[in-house]
Amino acid sequence: MDVINFIKTGLSALLVLSVCFLWSAPQYGNLDVPDLMDVSIGYLEGEMSDVEFDGYFDQQRFQISLDLIKTELKDAELRESESSDLTSFLIDLYSVELEGMDIVFGDDPIESVGLHLDEFSFTFSDLDWVSSPEDDILEFNSFTGELTIRGLELKLNNEFYNLISMLGGKPGVLEIDRFNAEVSYNRRGRVTLSGKLITPFGKASVDGELLFNESNPQLSRIRKFNLTVENLSDELEALLQQMEMESGMTLPRRGRKIEISFTGTLGNPVLEE
């Protein structure tokens, strides 16, 4: 039953997204599209556990296993206006969660590349957009998207063994303890961005806000864009200092934190002192 629910959710979501894409994209050939569409989904969810499969890509074997896959769809609506060719697409929530994922490329235990994830999740909500294929219109009114990664370990081949070690990490393994990013947009053109990255090499966070100019994106005003880097490993800190000495440029710091801020516009960003 879990498999049936998961497939049903995936196919339903794919149907809504595919129909919406086909209707908003330029039409080629003889595509039979109904004169009026009205598709709505109140709530769907699906879940699968202990998933395993393998195959070959470009003559290279790969193996994938997952402890859990979960997807959720809430209040989705695709509607064509009777009085015009405008098509609207609304979705309150769509999310995908993966837990305990392992991917291995190759059979050689030394040369193979492996990926492990404790948790991965992607969510978008408050999606509201309108399209018109006849007038070539695609207008977003609002959306919010969020991406979260926890416990990522990427096992690299020997070419990267020394590089990771130089940065202060586990030799041959690129690790991310946690990554989170969120972006939102509303009908007034306000774009917000926030994110945080935590690794054995250090931490970074970003916080930004932009007023998007649809008629001329280069004039979009940057209200704020702040990047903070801290808790760098001794190895990475030494590497940055060496790069600063060689280039003659100094990164803006407050104590041991590196803090970079921008204002201005997208076409002419201004670095704050």
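Where is Ser233 placed? I found Ser233 in the loop between strand S9 (221-230) and helix H3 (234-247). Helices (H or I, at least four residues) and strands (E, at least two) are DSSP runs, numbered from the N terminus.

**Ground rules.** I am working with a predicted model, where local features need pLDDT of at least 70, side-chain atom pairs count only at pLDDT 80 or more, and totals for chains, interfaces and linings use all residues. Residues are numbered from 1 along each chain as its sequence is written, and side-chain values use heavy atoms, with hydrogens and water left out.

**Two serines.** I looked up Ser233 again and noted that Ser233 is buried, at a relative accessible area of 9%. For the record, buried means under 20% relative accessible area, exposed over 50%, and partly exposed in between (1.4 Å probe, protein chains only). Setting aside neighbours within four places in sequence, I listed Leu167, Gly168, Pro200 and Phe201 as contacts of Ser233; contact means heavy atoms within 4.5 Å. Next I went to Ser165, which sits in helix H2 (residues 161-166). Ser165 is partly exposed, because its relative accessibility is 34%. Not counting residues up to four places away in sequence, Ser165 touches Pro171 and Glu235. Ser165 and Glu235 are 70 residues apart in sequence, yet their C-alpha atoms are 8.7 Å apart in space.

**Helix H3.** I checked the length: the 14 residues of H3 should span 20 Å at 1.5 Å a residue, and the end C-alpha atoms are 20 Å apart, which agrees. The expected span is 1.5 Å times one less than the number of residues in the helix. Which residues of H3 are buried? I noted Leu236, Glu237, Leu240 and Glu244. These four cover an arc of only 100 degrees around the axis, so they are on the same side of H3; the arc is that of the directions from the helix axis to the C-beta atoms. On the other side of H3, I see Asp234, Met245 and Glu246 exposed. The buried residues of H3 pack against strand S10 (253-254) and strand S11 (257-264). Just after H3, Gly248 has a positive phi of about 75 degrees.

I followed the pairing next (two strands pair if DSSP finds at least two bridges between them). S2 and S3 are antiparallel over 16 bridges, and 17 bridges join S3 to strand S4 (residues 113-132), also in the antiparallel sense. Across from Phe89 I found Trp129 in S4. The largest nonpolar core has 12 residues, among them Met48, Phe62, Leu98 and Ile149. Such a core is a set of buried Ala, Val, Leu, Ile, Met, Phe, Trp, Tyr and Cys residues joined through side-chain atoms within 4.5 Å. S2 gives the most to this core, with 4 residues.

**Rings.** How many aromatic pairs are there? I get 6, where rings of Phe, Tyr and Trp (its six-membered ring) pair if their centres lie within 6.5 Å, and planes under 30 degrees apart count as stacked, over 60 as edge-to-face and the rest as tilted. Tyr94 and Phe124 are tilted, because their ring centres are 5.6 Å apart and their planes are at 45 degrees. Tyr94 belongs to strand S3 and Phe124 to strand S4, 30 residues apart. Ring pairs link Tyr94, Phe122 and Phe124 into a cluster.
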